[in-house]
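Dear colleague,

I am passing on the structure below for your own work. My notes on what was found in it follow directly after.

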Amino acid sequence: MSCPGGSSRTEQRGNLPTGYNGREGHVKRIGVLTSGGDAPGMNAAIRAVVRMGLHKGWDVVGICEGYVGLITDDTTPLSARRVGGIMQRGGTVLGSSRSPEFKTPEGRRMAREMLNRHSIEALAIIGGGGSQAGALAMFQEGFPVVGIASTIDNDLYGIDITIGVDTALNVALEAIDRLKVTASSHRRAFLLEVMGRDYGYLALMSGLAGGADAIVVPEVDTDPEQIASAMRDAYTRGKSHALVVVAEGARYNAEGLGRYFREHQERLGFELRSTVLGHVQRGGEPGAFDRLLGTQCGVAAVECLDKGEFGVLAGLRHGQISTVPLAEVVGHKKPIDAKLLKMAQVLSQ
Ligand code: ADP
């Protein structure tokens with residue numbers, strides 16, 4: 001997806017205008033970008049950064065396609081009107097991408113040059129773990145940044161829930177509910193694979209909320225025989241369906257567990273039908289929670305930029321919108337909630 005209304009590649013912005021928005025004095029110009037995997041609610045964050053920045057009398061520039069736009073000089077000016085009507089849309093109107101070049105010092109040097117050319121003094125970076133690692137690298141090299149925690153994987157250390165998770169969970173839940181209906185009609189065993197990269201949060205929470213008979217996450221070693229007996233037990237106990245939710249990053253994901261069941265079907269005595277939810281999970285229209293979270297995180301990020309609080313990540317932390325230093329987030333693995341996993345097992349009876 002390209003930037004709203006098309007981008008203005010290689011557009012040169014000269015000296016900062018004075019009296020922007022009718023105000024006198026120094027005008028701040030900030031950039032905003034979305035990077036890595038898109039997440040529902042990113043648009044609410046973009047809108048909040050733009051409108052809060054404008055409210056402060058700043059100029060806000062959109063960087064297209066994440067870090068790629070910093071290297072290829074792909075920008076779009078953002079006004080209050082240009083971010084109108086985007087909050088209810090999934091994905092990101094600024095576009096997103098993955099940029100191997102940005103991981104190199106040379107790539108980031110090109111990015112800083114581009115930012116200098118445009119007189120962009122600071123960046124709000126909306127994205128997940130990889131994107132925030134990039135933000136930290138920029139910060140450590142002397143460029144002011146504030147991150148906004150946004151990924152459906154919910155794998156950012158120090159943050160309770162990232163933008164996009166709630167909507168993605170609801171999409172996964174809808175799939176679980178539908179699979180259960182058809183599974184009940186045919187007394188079949190189903191497997192649903194959800195996203196999450198190498199983190200099991202989405203599988204755990206959708207499995208728990210959807211009443212799965214078994215949940216497979218990357219953080220815990222899984223014996224496929226145990227999954228088979230959980231499924232068989234479900235029938236023995238009189239259930240009309242059996243459903244296992246697996247995380248894409250688990251060894252026994254749809255491919256791994258599916259293969260195991262195929263190879264041992266005769267002995268196990270039943271067939272396992274697989275559904276891979278894949279990118280369907282990303283594409284949902286953001287629900288109220290993600291719109292509100294995106295909005296509040298966007299505002300918090302602008303407040304940080306205003307206060308000169310750089311090198312931090314804005315997000316929901318201990319139940320409140322606050323910040324955590326990027327250096328604490330990057331490189332730390334968020335643990336899975338083992339108690340919830342146990343709870344899911346107990347409740348699947
Ligand atoms: P997400 O932000 O959703 O976790 P990725 O892991 O794909 O997505 O990261 C997005 C982009 O962030 C990468 O394409 C790369 O440009 C940048 N990035 C990731 N890791 C680093 C790093 N260690 N240093 C600098 N930039 C990084």
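In these notes a residue is called buried if its relative accessible area is under 20%, exposed if over 50% and partly exposed in between, with a 1.4 Å probe and protein chains only; helices (H or I, at least four residues) and strands (E, at least two) are DSSP runs, numbered from the N terminus. Please bear in mind that this is a predicted model, in which local features need pLDDT of at least 70 and side-chain atom pairs count only at pLDDT 80 or more, while totals for chains, interfaces and linings use all residues. Residues are numbered from 1 along each chain as its sequence is written, and side-chain values use heavy atoms, with hydrogens and water left out.

As to confidence, pLDDT (the predictor's confidence in each residue, from 0 to 100) has a mean of 90 for the protein, and 92% of the residues reach 70 or more. Over residues 7–25, however, pLDDT stays under 50, although the model has 46 contacts beyond four places in sequence for them, a contact being heavy atoms within 4.5 Å. Where pLDDT is low, the predicted coordinates should not be read in detail.

Strand S1, residues 29–34, is mostly covered, with six of its six residues buried. In a regular strand the side chains alternate between the two faces of the sheet; here Arg29, Gly31 and Leu33 lie on one side and Ile30, Val32 and Thr34 on the other, and all are buried. Strands are taken to pair if DSSP finds at least two bridges between them. S1 pairs in the parallel sense with S2 (residues 59–63) over four bridges, and aspartate 59 in S2 is the bridge partner of arginine 29. S1 also runs parallel to S4 (residues 122–127), to which five bridges join it, and there alanine 124 is the bridge partner of valine 32.

Around the ligand there are 16 residues, of which Arg98, Ser99, Gly130, Ser131 and Arg197 come nearest (a residue counts as near if one of its heavy atoms lies within 4 Å). An N or O atom in the side chain of serine 131 is 2.5 Å from a ligand oxygen, a polar side-chain atom of arginine 197 lies 2.6 Å from an oxygen atom of the ligand, and a polar backbone atom of glycine 128 is 3.1 Å from a ligand oxygen.

Finally, helix H6 (residues 201–210) is largely enclosed by the rest of the structure, because eight of its ten residues are buried, among them Tyr201, Leu204 and Gly210. Glycine 211, which follows H6, has a positive phi near 70°.

With best regards

Technical notes: A polar contact is a pair of N or O atoms within 3.5 Å; within protein, one must be able to donate a hydrogen and the other to accept it, and residues adjacent in sequence count only if both atoms are side-chain atoms.
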